[in-house]
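Please work through the following exercises on the chain shown below. Each task is followed by a solution in steps.

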Amino acid sequence: MYVLAIDCGTQSLRGVVFDHSGKTLIRERELLAPYFGVEPGFAEQEAAVFWEALCAVAGRVMAAASGMDISIDGVTVTTQRDAVVLLDAGSEVLRPVIIWADQRKVAKARPMAWHHSLAFRVAGLRRTVEDLSRNFKGHWLQEHEPEVWSKVDKYVQLSAWLNYKLTGKLLDSVASQVGHIPFCYKHGRWEKQHSLKHDVFHIDNRLLCDLVQPGTVLGGLTEAAACESGLPAGIPVVASGSDKGCETLGVGCGDLTVASLSLGSQACVQTTSERYFETLRFIPPFPAVVPGMYNPEIQVYRGFWMLSRFLEEMGLDDTAEMEAALASVPAGSEGLILHPYWGAGIKMPEAKGAVLGFTDTHRKAHIYKAMIEGILFALKDGMGKIERKSGVRIERVMVSGGGSRSDAVCQMAADVTGRPVHRVQTWETSALGASVAGYVGLGVFSGFDEGIEAMVHPQEAFLPDAERVAVYERIFESVYSKLYRRLLPIYRRM
């Protein structure tokens, strides 16, 4: 009995089959057409691109499984977060999917009930709440595409739509509800209609889909989906969670002593907690793939996307030249430091990207290393915020995402954070975490703890170097930690 884990990202869609010990048996990948925007800052993708890629990957997986004489007996889907799909009364897609990278916002926040507005002002959260309201894509659609909005019957995440395409049932996992939506993260359900969050996100609950716990069978694969994908009709489709949540599960981050660093296009630090706490005020921990648990998170919006953009602008086809040059640049990039907010966060809405300390001795290798150091400084800052709120020290770090493929980056992560850094046995950690949920749903494992123990295997550690740790600690404390406050007046003028 084997599960196919579908991992739908921004640039590609992967299909991975792991055995019950976490060994990769089959891996297929389909590149996605680049996302597009009709205006600067817009980021959209045709829904059909995701479905056609899923079917192409599934077909190749089935061909490979046939050659290996193994059966695919279940499917689970993990996707990028905060990707909005609009459906009409017939469950047809009304317009392109608005993905996480989209930066459109309405000009003015929606008015709130006076008592909610007063509460936010007293708490010092007025600006945060206004930014959330302005960033809610439903508000933009209501204002700018009223003819489309008038036809909306369901406002769902990409994960829900792919589940629907597979099963014919519009259901989604509690652990996939990460985005600008009126979701109660503490209790794992939609907020009541006249709640405080509904005063931020003006959307009726009837437009939202039903939710189930991770590890729940959503339904069987329909005949239509089987015909298009090549997968067996009737096999169970199991709920898992968002890509970051599945990554955190897939690296074995099971409590507050372990941090999961996702070194991908959207970099973040997450951990796993039995109790609910907000690392940043009004920014909730997300529901973990393990039911009843939470993933406190701090995000660096653009993350390692910056490195890809830098290489593209420098005319470099791959990272080999820059990776080789990292060792030639000392810790601290000889005084060059980067503030990595190419995309502003919710709590730092005025932030911009900044590079400080240029001299005539700096070359492109210095810029490349300073980018990595800047992202890692931001993640270290996030780790500190989580530790202060949880009261628990993070003892070790697990890494995943594209950046974790580099030994040099992993060593830098150990030196910047001052903790041992581990990878697990596969790069496909989102798919691995989703597979654990899939096997739990099929009854192969009695629970998530058993699945993690059987399938997730940390590899050798990258140990922090004391000399470099001291350099990075000095830079972090004396320079990086002061950057946003010092640059904020300039950011605001810009």
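The exercises concern a predicted model and proceed from the whole chain to single residues.

**Exercise 1.** Determine which radius of gyration a compact globule with 494 residues would have, and compare the chain with that value.

*Solution.* The rule is 2.2 Å times the number of residues to the power 0.38. Along the principal axes, the C-alpha atoms fill a box of roughly 65 × 60 × 45 Å.

**Exercise 2.** State what share of the residues is buried and what share of the contacts joins residues 24 or more positions apart.

*Solution.* A residue is buried when its relative accessible area is under 20%. Of the 494 residues in the chain, 58% are buried. Among contacts with a separation of 6 or more, 70% join residues 24 or more positions apart.

**Exercise 3.** Locate Asp69 and Glu334, and classify each as buried, partly exposed or exposed.

*Solution.* Most residues other than glycine have a negative phi. Asp69, however, has a positive phi of about 60°, and Glu334 has a positive phi near 50°. Asp69 belongs to the loop between α1 (47-68) and β5 (72-79). Its relative accessible area is 72%, so Asp69 is exposed. Glu334 belongs to the loop between α11 (320-326) and β20 (337-340). Its relative accessibility is 46%, so Glu334 counts as partly exposed.

Definitions and conventions:
Residues are numbered from 1 along each chain as its sequence is written. This is a predicted model: local features need pLDDT of at least 70, side-chain atom pairs count only at pLDDT 80 or more; totals for chains, interfaces and linings use all residues. Side-chain values use heavy atoms; hydrogens and water are left out. Buried means under 20% relative accessible area, exposed over 50%, partly exposed in between (1.4 Å probe, protein chains only). Contact means heavy atoms within 4.5 Å. Helices (H or I, at least four residues) and strands (E, at least two) are DSSP runs, numbered from the N terminus.
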